[in-house]
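Subject: Structure for you to look at

Hello,

Here is the structure I promised you. Please open it and keep it in view while you read my notes.

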Amino acid sequence: MAIVKKFKVVPNLPDRLSPLLTIASNMWWVWNFEAIELFRRLDVELWSEVKHNPVKMLGSISQELLDEAASSESFLAHMEKVQSELDWHMTRKSWYDEHQKDFSDTGIAYFSAEFGIHESLPMYSGGLGVLAGDHLKSASELGLPLVGVGLFYRLGYFHQYLNLDGWQQESFPVIDFYNMPANTVKDEKGDTLCISVELPGRAVYAQVWEIRVGKIMLYLLDTNIDRNLPIDRAITDELYGGDAEMRIRQEMILGIGGMRALKAMGRHITVCHMNEGHAAFLALERIRMAMQEYGLSNREAYEFVSASNVFTTHTPVPAGNDRFSPEMIENYFGEYAKKMGLTMEQFLALGREDPQDKKENFCMTVLALKLAASCNGVSMLHGKVSRNMWKSIWPSLPVHEVPIDHITNGVQTLSWTSDEMMRLLNRHLGPRWIDNPADNTIWQNVENIPDSELWRCRERLRERLVSFVRKRLKQQLLNRGVSPKEAEIANSVLDPDALTIGFARRFASYKRGTLILRNIEKLEQLLHDRDRPMQIIFAGKAHPHDNMGKELIRQIIHLCSNERFRRKVVFIEDYDIDVARNMVQGVDVWLNNPIRPKEASGTSGMKVVPNGGINISVLDGWWDEAYNAANGWAIGKGEEYGDLAYQDEVESFFLYNILEKDVKPAFYNRGLDGLPREWLVRMRESMKSITSIFNTNRMVKDYTEKFYKLAHRQNIDFQQENFNKVKELTSWKSFVSKNWEGVRIVHVDIADDREIKVNSQVTVRAEIALGTVRPDQVRVELYFGALDKNGDIFEGVALPMREGGTGGKGSIIYEGQMLCLQSGRFGFTVRVLPYNYNMPRKFDPELKITWA
């Protein structure tokens, strides 16, 4: 085959329009509606045709239109305004600048298998990726010294289309990286930067791309280069595609390759954040690097690295966590383990809940939990679920003490709020809300928006959504093979004045996309009520291998094809950020009905709120902590069922009842001026109580204050004096582990056994034999609380006990006090924990705890 010389063609703009390329090359424009409007002004139809990709648009637009824009003073003024806003965003004093005391010289690397920044950059499948994209946007707004690391997928995630029977089909069009706001990173010689990762029998190379997201750089690795074998060029083809072999290769490129890319670019990294277990191999690479660069032993490197790793789990069900067979791990990591000074059994133990179980598969989530001092779930309820799911890693701890915290997800408000609502909020909240979306005091000013203006904005957004749906539906009917005449029905579906419900998410069976279809007769009655009509818009994809999810979609399509429902129920194909944005901005009600507690957080419902939408949801994920009885509606009271069919029956009844008795009256009861006062009250309460809390600015601040600052300080502190603290910690841990069998609780009693009354302070004494372990190497605690029905302490409280003398045979007496504030059945016990001042977390999964 002939040798092909490659070159890149870039847009040729008139000099006066050169700022357009600067704006288009920074994904900041995604959350600035003035910037979006600037590109739309050039050519509305082309803007839609290029899927809202400004780089591609500038390379496709006619020279005539460019010359026209260059001669328009109005356009030039608009462009100058947007450019100045971008300049201000890049240079203004940020939240981080004001709060960086003890946090200077920080470098945070945020690893994720997917990033959902915008529909023109299709490197995401759903909520995990969109959350990661919003994380970067808010990090930019807050000025954090953070970079993102991921993979650049040549085929992205699949595009969905449906056949005439409504069965989901998948297509994988090739993505043109060169018409995106992406550039390859160059090395010192000016060549494209490449890194390598060792796979069995060969090295795989990946080139590094960079995308600017405001102040944040996102680095994406791409193996589709000539140096690789065809099988390896395909590693970065599809997001979540292929078998377990493909998945482990992808995750090695992400974690190991990502760390090597950061090093090759000279990036100073002190904290690594693993967004889900896909990136957990980065922790192993950090250990290998620390051994190589600083001469640390594998145990010393383990302690040093884990102290500055952060891990976020998003999965509330065991099946959602990546697991690899021992044989596969040995095949891919046999040589790597040797470089780390580990036997294969020691290596496998890092990813096993029970290190002694030789048959247990290697789990990425377990690896991340063991190698990250800071771990969290993504809602309060999910934190509880995660602690219960992974309690076996800390077998001697009560479940509520398992060290998995929670930081509830949020959304980047500006990316999801309509331009109409933004203008309304600017007028009545003032422009400060844009820079401070987490300021609750600002959102209280929603009360100052006149009812008529707020409702008129909502009506315009619903009208716009109906128009969007009709256009999409007509095209997808034609694509499905329907005749042009039959496709004309799309022009009359939905009523722009009717109560509109939206349901859009991944079609997994636990999300119950068809729950509202359970009683078709009742649904028909609700939809066709002459005085109070209702309509539903569905969207969402099923995983290519999830036939149950595909069947749910097929059921909805069959309903949409029924003459009784075809103008009232619509399914929009190929759910992406564009469809999501139109839906969350236009619907009146967002419906969410998963099987509790299988929704880790969910964020789609948060996106409707700043647009004036209201939630109806099962009390799961984020809604379990957001719902206050006045800001939306709850399906049930947080019940969990063993019989799923019975649960569907009960909760569908709840849903129909809420729609009929609460939602419709609130929406359709109008005053003499035609305004739904009750609805507007609930809309305002939703905006006031939710928007300031459930956004990623608050979320990223939480990560910073809870995890990033601590991880950074530990990283810097551990490097001092030639890693002296790390070496001392490792030596102490080795000694304690070998000698812990000598630690015994000889006796426990209450100093005063008189009748205990409310408000009494009770002293507890414990005789502890420590063997060769010193008193300063342990912490003795009194653990007490109310008893459950089984006589066990339920979510007890631990208080320190102090030395109070010596006992027989070298034992030590410890004393502690508990205050009894209420009557009832209570219990107490005593425990001894290994303790070292330099421990990055109180409960180390490798150390035992002795209980009385």
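The notes below go from the whole chain to its sheets, its helix pairs and a few backbone details.

This is a predicted model, where local features need pLDDT of at least 70, side-chain atom pairs count only at pLDDT 80 or more, and totals for chains, interfaces and linings use all residues. Residues are numbered from 1 along each chain as its sequence is written, and side-chain values use heavy atoms, with hydrogens and water left out.

**The whole chain**

The protein chain has 30 helices and 28 strands. Both are DSSP runs, numbered from the N terminus: helices are H or I with at least four residues, and strands are E with at least two. The C-alpha atoms fill a box of roughly 95 × 70 × 50 Å along the principal axes. The radius of gyration is 29 Å, which agrees with the value near 29 Å for a compact globule of 852 residues. That radius is taken over C-alpha atoms, and the globule rule is 2.2 Å times the number of residues to the power 0.38.

**The parallel sheet**

Strands of a sheet pair through backbone hydrogen bonds, either parallel or antiparallel. Here, two strands pair if DSSP finds at least two bridges between them.

Look for the open sheet of 6 strands, in the order β17-β16-β15-β18-β19-β20. Its pairing is parallel. β17 (569–572) and β20 (632–635) stand at the edges with a single partner strand each, so one side of each has no neighbour in the sheet. The twist averages 20° from one strand to the next. Axes are lines fitted to C-alpha atoms, for helices over the stretch in contact, and angles run from 0 to 180 degrees between N-to-C directions.

Inside this sheet, β18 (residues 589–592) and β19 (residues 614–618) pair over 4 bridges. Asparagine 592 has serine 617 in β19 as its bridge partner. Helix α21 (residues 451–479) lies across β15 (499–504), β16 (534–539) and β17. It runs at about 70° to β17.

**The antiparallel strands**

Another open sheet has 4 strands, in the order β21-β22-β26-β25, with antiparallel pairing. Its edges are β21 (744–750) and β25 (802–806). Neighbouring strands here are turned by 30° against each other on average, direction ignored. β21 and β22 (residues 760–769) share 6 bridges. Histidine 747 has glutamate 767 in β22 as its bridge partner.

Then find β3 (residues 159–162) and β4 (residues 168–171), which run antiparallel and are joined by 4 bridges. They form a hairpin with 5 residues between them. Glycine 166 in the turn has a positive phi of about 85°. Tyrosine 161 stands opposite glutamine 169 in β4.

**Helix pairs**

Two packed helices are described by the angle between their axes and the distance between the axes.

Start with α10 (residues 244–264) and α11, which pack at an angle of about 40° with their axes 8 Å apart. The two are therefore oblique to each other. (Angles under 35 degrees count as roughly parallel, over 145 as roughly antiparallel, 65 to 115 as roughly perpendicular and the rest as oblique.) α10 passes α11 in a right-handed crossing. A crossing is left-handed if the near helix is turned anticlockwise from the far one by less than a right angle, and right-handed if clockwise.

Next, α11 (residues 281–294) and α12 (residues 298–306) have axes that come within 9 Å and cross at roughly 120°. This crossing is right-handed too. Among the residues that meet are Ala283 and Tyr294 in α11, and Asn298 and Val305 in α12. Contact means heavy atoms within 4.5 Å. By class, this contact has 9 nonpolar, 1 polar and 1 charged residues. Ala, Val, Leu, Ile, Met, Phe, Trp, Tyr, Cys and Pro count as nonpolar, Asp, Glu, Lys and Arg as charged, and the others, Gly among them, as polar.

Last, the axes of α21 and α25 (residues 577–586) come within 8 Å and cross at roughly 145°. α21 passes α25 in a left-handed crossing. Their contact has 5 nonpolar, 3 polar and 5 charged residues.

**Backbone details**

Most residues other than glycine have a negative phi, and most peptide bonds are trans. Check two places against that. Arginine 512 has a positive phi, near 55°, and lies in the loop between β15 and α23 (520–527). The peptide bond from arginine 596 to proline 597 is cis, with omega near 5°. Proline 597 lies in the loop between β18 and α26 (604–608).

Best wishes
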